[in-house]
Amino acid sequence: MNILEPQSFSGIIHVDHPGATDQAYRARREAIAAEAKAFRAGEQDFPIIGYTREDHETWNAVSDELQQLHRKHACKAYKKAVKKLPIPTSRPPQMKDVSDYLHQTNNFRLYPIEGLVDARTFLRMFKKRIMLCTQFIRHHSRPEFTPEPDMIHELWGHAPMFTDESLVRVLEKLGHAAEVLPDEYMDKLATFYWFTFEYGLVEEGDNVKAFGAGPLAGLHDMKRAMNTGADLRPFKTEEVIESFTDYAAEQPYFFVIPSFEWLEDEIDRILSKWTTQLST
Ligand SMILES: [Fe+2]
């Protein structure tokens, strides 16, 4: 098995990273990354990670606070799904258990990855109903912040939404598109993904709720999205895909979709429009 060889893996801890000077943390990250790589090369089973006391404390502290926010601000589908997933607040779960649950439930899987990869590599995995996920936990010195997706983001933010079949169908369409679209369309596709699965909000009656992993797993992001006076905009796809995204900065505005069913129709519409553009 050689599922994936990322072309542009960037799992490097930069000098301004909260764990940059913590040699034990860096060594742990490297060990977790090595296992992810070996798994994808077919050299070992799904990695089972031995999390440290600091990891436990970080997971527990962030999870407790996130749960309070979810009660108020998460969308209905999230609240229903998260109860069934094997994600405890008291300790970091094994990603394998969550992946196995998703696989049994709706044939979706999580695969370990060392860190960020380029948009095409990441998105095209959705074609196979797989999401690439990191298994490390953010540095304990800043539990409220992570400069890159960590397991808190992946499991509290993304995993519950993979039980919603209409959203998974949207992901599959993104995956198929990432496989074939020329480079000049990849930024648009990645931006569509960014403002939905990463930062998306959805209308529920007169309220706006979170379904994107950024607010669902980010203490700051959720508070900013749900603050009175937050910059919330209707999801107009042609505007969304041209919006500026700074992956490392706080998201200054959010787009709100009417429903998941609407999103499914919308991805069909925009992909069909691009296909027509490419064929003329
Ligand atoms: Fe994410």
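**Confidence.** I looked up the mean pLDDT of the elements, pLDDT being the predictor's confidence in each residue, from 0 to 100, and found helix H10 (residues 219–226) lowest at 92 and strand S3 (residues 201–204) highest at 98. I took helices (H or I, at least four residues) and strands (E, at least two) as DSSP runs, numbered from the N terminus. Over residues 1–10 the pLDDT is below 50, and beyond near neighbours in sequence this stretch has 30 contacts in the model, a contact being heavy atoms within 4.5 Å.

**Ground rules.** This is a predicted model, in which local features need pLDDT of at least 70 and side-chain atom pairs count only at pLDDT 80 or more, while totals for chains, interfaces and linings use all residues. Residues are numbered from 1 along each chain as its sequence is written, and side-chain values use heavy atoms, with hydrogens and water left out.

**Aromatic rings.** I paired rings of Phe, Tyr and Trp (its six-membered ring) if their centres lie within 6.5 Å, calling planes under 30 degrees apart stacked, over 60 edge-to-face and the rest tilted. By this rule I have 19 aromatic pairs. In one of them, Phe126 and Tyr193 are tilted, at 5.9 Å centre to centre and 35° between the planes. This pair links distant parts of the chain, 67 residues apart, with Phe126 in the loop between helix H5 (119–124) and strand S2 (130–133) and Tyr193 in helix H8 (residues 183–198). Both residues are buried, which I read as under 20% relative accessible area, with exposed over 50% and partly exposed in between (1.4 Å probe, protein chains only). Phe126 and Tyr193 also belong to a cluster linked by ring pairs, together with Phe122, Phe197, Phe211 and Phe260.

**Charges over rings.** I counted a charge as over a ring if NZ of Lys or CZ of Arg is within 6 Å of the ring centre and within 35 degrees of the ring normal. The charged end of Arg29 sits over the ring of Phe136, 3.5 Å from its centre, and Arg233 lies over the face of Tyr253, at 3.9 Å from the ring centre. Tyr253 is buried, as is Phe255.

**Positive phi.** I found two residues other than glycine with positive phi: Asn107, near 60°, and Arg129, about 55°. Asn107 is in the loop between helix H4 and strand S1 (109–112) and is partly exposed, with a relative accessible area of 44%. Arg129, in the loop between H5 and S2, is buried, with a relative accessible area of 11%.
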